[in-house]
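Please look through the sequence and the structure shown below before reading the briefing that follows. The points after it are grouped by topic.

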Amino acid sequence: MVKETKFLRNQADKAERIAQAVTDVEISQRYMSMARAYRSQADILKAKRKAAKKRG
């Protein structure tokens, strides 16, 4: 099973590739925004797991 953070980062990569491939500026911006959101979610999950490990 793929870790959730890895899944989110993969989705971010896909969104970035699509953003670069489309010619419509608005759609490209939406996909880039989506990529940033996926990466933020992955970062938050990683930070939560790291904090949980610290606590024991």
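Does E16 count as buried, partly exposed or exposed? At 25% relative accessibility, E16 counts as partly exposed, where buried means under 20% relative accessible area, exposed means over 50% and partly exposed lies in between, with a 1.4 Å probe and protein chains only.

This is a predicted model, in which local features need pLDDT of at least 70 and side-chain atom pairs count only at pLDDT 80 or more, whereas totals for chains, interfaces and linings use all residues. Residues are numbered from 1 along each chain as its sequence is written, and side-chain values use heavy atoms, with hydrogens and water left out.

**Overall form**

- The secondary structure of the chain comes to two helices and zero strands, where helices (H or I, at least four residues) and strands (E, at least two) are DSSP runs numbered from the N terminus.
- The radius of gyration of the chain is 14 Å, against the value near 10 Å that a compact globule of 56 residues would have; the radius is taken over C-alpha atoms, and the globule rule is 2.2 Å times the number of residues to the power 0.38.
- Along its principal axes, the C-alpha trace of the chain spans about 50 × 20 × 10 Å.
- Of the 56 residues in the chain, 14% are buried.
- The accessible surface of the chain comes to about 4800 Å², and 54% of this belongs to carbon and sulfur atoms; the areas come from the Shrake-Rupley method with a 1.4 Å probe, and for residues only the protein chains shown count as cover.

- Helix α1 (residues 4-21) has 18 residues and should span 26 Å at 1.5 Å a residue, which agrees with the 26 Å between its end C-alpha atoms; the expected span is 1.5 Å times one less than the number of residues.
- The buried residues of α1 are T5, L8, A12, A15 and A19. Seen down the axis of α1, these buried residues fall within an arc of 80 degrees, so they line one face of the helix; the arc is that of the directions from the helix axis to the C-beta atoms.
- On the face of α1 turned away from its buried side are the exposed residues K6, R17, Q20 and A21.
- Helix α2 (25-55) is included in what covers the buried residues of α1.
- T5, which lies in helix α1, counts as buried at 14% relative accessibility. Leaving aside neighbours within four places in sequence, T5 is in contact (heavy atoms within 4.5 Å) with A42, L45, K46 and R49.

**Salt bridges**

- The count comes to four salt bridges, each defined as a side-chain nitrogen of Lys or Arg within 4 Å of a carboxyl oxygen of Asp or Glu.
- D13 forms a salt bridge with R39, with the closest N and O atoms 2.5 Å apart. Because D13 lies in helix α1 and R39 in helix α2, the pair ties together parts that are 26 residues apart in sequence.
- E16 also forms a salt bridge with R39, with the closest N and O atoms 3.1 Å apart. E16 lies in helix α1 and R39 in helix α2, so this pair ties together parts that are 23 residues apart in sequence.
- D13 is partly exposed at 30% relative accessibility, and R39 is partly exposed with a relative accessible area of 26%.
- E26 and R30 both lie in helix α2, four residues apart, about one turn of the helix, and their side chains meet in a salt bridge at 2.6 Å, N to O.
- E26 is partly exposed, with a relative accessible area of 46%, whereas R30 counts as exposed at 53%.
- Salt bridges that share partners join D13, E16 and R39 into one network.
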